Amino acid sequence: MFEFSGVVKAILDPKTFESGFTVREFVVENPDDKYPKPIAFQTKQDKVTLLDSLSVGDQVTVSFDL
């Protein structure tokens, strides 16, 4: 498992496909990096609602698997 800490730069609207599968993306950037790059993450199904409590500018730590 990996972790990435940074500031939320964008939270996109959920997308629901014809099959009923739902995804939602958000973008995080670490301004302390020498060359900051925005990194997009995606939540799916029941995890989509976790982003409802976030706002652009919030400091977050994202745990993820590749």
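A quick word on what you're looking at. This is a predicted model, where local features need pLDDT of at least 70 and side-chain atom pairs count only at pLDDT 80 or more, while totals for chains, interfaces and linings use all residues. Residues are numbered from 1 along each chain as its sequence is written, and side-chain values use heavy atoms, with hydrogens and water left out.

Now for the layout. You'll find 5 strands and 0 helices in the chain, giving the pattern β-β-β-β-β as you read along the sequence. Both kinds of element are DSSP runs numbered from the N terminus: helices are H or I with at least four residues, and strands are E with at least two. Along the principal axes, the C-alpha atoms fill a box of roughly 40 × 25 × 20 Å. Of the contacts with a separation of 6 or more, 50% come from residues 24 or more positions apart (a contact means heavy atoms within 4.5 Å). Of the 66 residues, 27% are buried; that means under 20% relative accessible area, with exposed being over 50% and partly exposed in between (1.4 Å probe, protein chains only).

On to the rings. Searching the whole structure turns up 4 aromatic pairs. Rings of Phe, Tyr and Trp (its six-membered ring) pair if their centres lie within 6.5 Å, and planes under 30 degrees apart count as stacked, over 60 as edge-to-face and the rest as tilted. Take Phe2 and Phe64: their ring centres are 5.8 Å apart and their planes sit at 25 degrees, so this pair is stacked. It ties together distant parts of the chain, with Phe2 in strand S1 (residues 2-11) and Phe64 in strand S5 (residues 59-64), 62 residues apart. Phe2 is partly exposed at a relative accessible area of 45%, and Phe64 is partly exposed too, at 22%.

Then there's Phe4 with Phe41. Their ring centres are 6.3 Å apart and the planes are at 40 degrees, so that pair is tilted. This one also links distant parts of the chain, as Phe4 is in strand S1 and Phe41 in strand S4 (residues 39-44), 37 residues apart. Both Phe4 and Phe41 are buried. Put together, ring pairs join Phe2, Phe4, Phe26, Phe41 and Phe64 into a cluster.
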